[in-house]
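Here are a few notes to read alongside the coordinates.

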Amino acid sequence: VQGVTRGNGVEGELITANVLACRNVPKTIPHKGRTVVRGEAVIRYSDFEKINEAIEDADAKYKNPRNLCSGSIRQLDPKITAERKVGFYAFALIRAEGADFRSRRDQMEWMKEQGFDEVDYVMVDAESLSGAIDGYEAAVADFDIPSDGLVLTLDDLEYSATLGETAKYPKDSIAFKWRDQGETAKYPKDSIAFKWRDQQAETVLREIEWSPSRTGLLNPVAIFDPVELEGTTVSRASVHNINIMEDLELGIGDTVQVYKANMIIPQLAGNLTRSGNIEIPHSCPVCGGPTLVRDEEGTKTLHCANPDCLAKHVKKFSHFVSRDALNIEGLSESGLLKLIGIGAIKTFPDLFRLDMHEDAIVSMEGFGKKSYDNLIESAKRASHTTPARLLYGLGVPGIGVQNSNIICRHCRNRWSEIQALDEEALKDIDRVGDVMARDYAAYFADEENAAVVAELLGLLTLDESFEDAGTSLDGKTFVITGSLEHYANRKDLKAEIEAEGGKVAGSVSAKTDFLITNDPNSGSAKNKTARELGVAIITEAEIREMLGAE
């Protein structure tokens, strides 16, 4: 069994454990052939209210069951998915190997027989279609399951197939990749999807904020008096480009109409007063450099012309907060750009002083008091770190995770020695070549870099404890494949293997000593290659025994 999210429409995330934690997903189905079912994960309104009732802090309560469900289905801990009573409702049968169906109604009934709960559906003819739609529109206000629209689809599968298929993936589809071969789902032109009328609210425009991007694009964002829409409080919406701003004739103090596209994304629907008094800024709000307006095929956008603008270097902040580096959770690239935009971060140390900007962060789009508190707590946890994480996070040219660990082990985790390494000393370390040694020494010799590191050391607590590496796996090369039971991820097992002198590679070759898998009889490419090359295939239990694990 595999469970995959829709993701970006082409590639999704593997969330099998979370899918199996849903309250109504069948653990086994009678049909033995390969089956692909598509559906929606939801949290019912009634369950959502119970979750919020258990939260005492009013600011910490969740605002919307759809957003909560989106986060719950992607949790690292499947227990959270189960606790929040996430449900799964099937709405399409993509494949049922060996089964034959004439109608979509047969498919729906078949999925029910396999143990799936289904979305509400009704068979109608052309004469009663309009009345059925009106009936759903009237009833949706009392549905216990969040609903933003309907799908009308033809029942006759043979006739549907004659209508042809989409040339590319629709926005609601995903390409599944099986273990051994790629397989793509395509969809015929037999369906129409539409949304319910958007809930609108009138409010007063107070400001246009120019939000930076790493390309130098400055996106206009409307800031207005807070309004309630679809169960959440909204106070800002992207205007997208200068054309839209000019078409709406936006001005400070105007009365604007706001709605949520797809019940999620705030948008401006119109401007009732149209004063048009907004001026395009001549300087970048981040660096103060000059701006320029570009007109590309009729679309006008504002850009910062300064190549050294801090917003253009957001990638280095994204690297610094990444999981293998300082691991500050809750900071995506877009979140970092917002923090740069309000002046909260200019250098790495600023990430550990975010409490100085509480009011500004809480009011940022996509944030709030709960998100702010989580971010501050995550930064506090991240401030207790290791030399290897800090070295990797600094982004020294050529220094990846593995080299960071090797260099830190060589210096027995003493940061003063790590930072003081010169070219000759670096060349004596395994896997460090001439170019890497030169760039490393140049990085720490740079006065600006040295000042940033010194400031960081005053804010961080470095764990410089050191244990000599074991030798039980010395000289052995391993490859890990498939899911694990005793480790959160493959990196944890890799760290234990390397701590005992072993090496972990990404693919099986003649140099591989062991392939680790909990499915030794699988027909996967790595298993096949291992068998062909005579590589020993061992289970997770066996590698744990080799590591001396309890």
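In which loop is Asn 327 found? Please keep in mind throughout that this is a predicted model.

1. Asn 327 sits in the loop that runs between helix H9 (314-320) and helix H10 (333-341). Its phi is positive, about 60°, although the residue is not a glycine. With a relative accessibility of 27%, Asn 327 counts as partly exposed.

2. His 240 is another non-glycine residue with a positive phi, here about 75°. You will find His 240 in the loop between strand E7 (232-238) and helix H8 (242-247). Its relative accessible area is 40%, so His 240 is partly exposed.

3. Phe 352 deserves a look of its own. Beyond its neighbours within four places in sequence, Phe 352 is in contact with residues including Phe 320, Leu 326, Ile 328, Ala 379, Ser 383 and Leu 460.

4. Finally, the second largest pocket holds about 1,100 Å³ of space. Its lining has 31 residues, and Ala 388, Asn 405, Arg 409, Ala 495 and Glu 498 lie nearest the centre. Helices H13 (387-393), H14 (401-410) and H19 (490-499) each give two or more residues to that lining, with H19 supplying the largest share, 7 residues. By class, the lining has 13 charged, 9 polar and 9 nonpolar residues.

Note on methods. Residues numbered from 1 in each chain as written. Predicted model: local features only at pLDDT ≥ 70, side-chain atom pairs only at ≥ 80, totals over all residues. Heavy atoms only, no water. Helix = DSSP H or I, 4+ residues; strand = E, 2+ residues; numbered from the N terminus. Buried < 20%, exposed > 50% of the residue type's maximum accessible area, 1.4 Å probe, protein only. Contact = heavy atoms within 4.5 Å. 1 Å grid on protein atoms, 1.4 Å probe; cavity = no way out; pocket = protein on both sides within 12 Å on 5 of 7 lines; lining within 4 Å. Points joined across faces, edges and corners; volume = space filled by probe spheres on them. Nonpolar A, V, L, I, M, F, W, Y, C, P; charged D, E, K, R; others polar.
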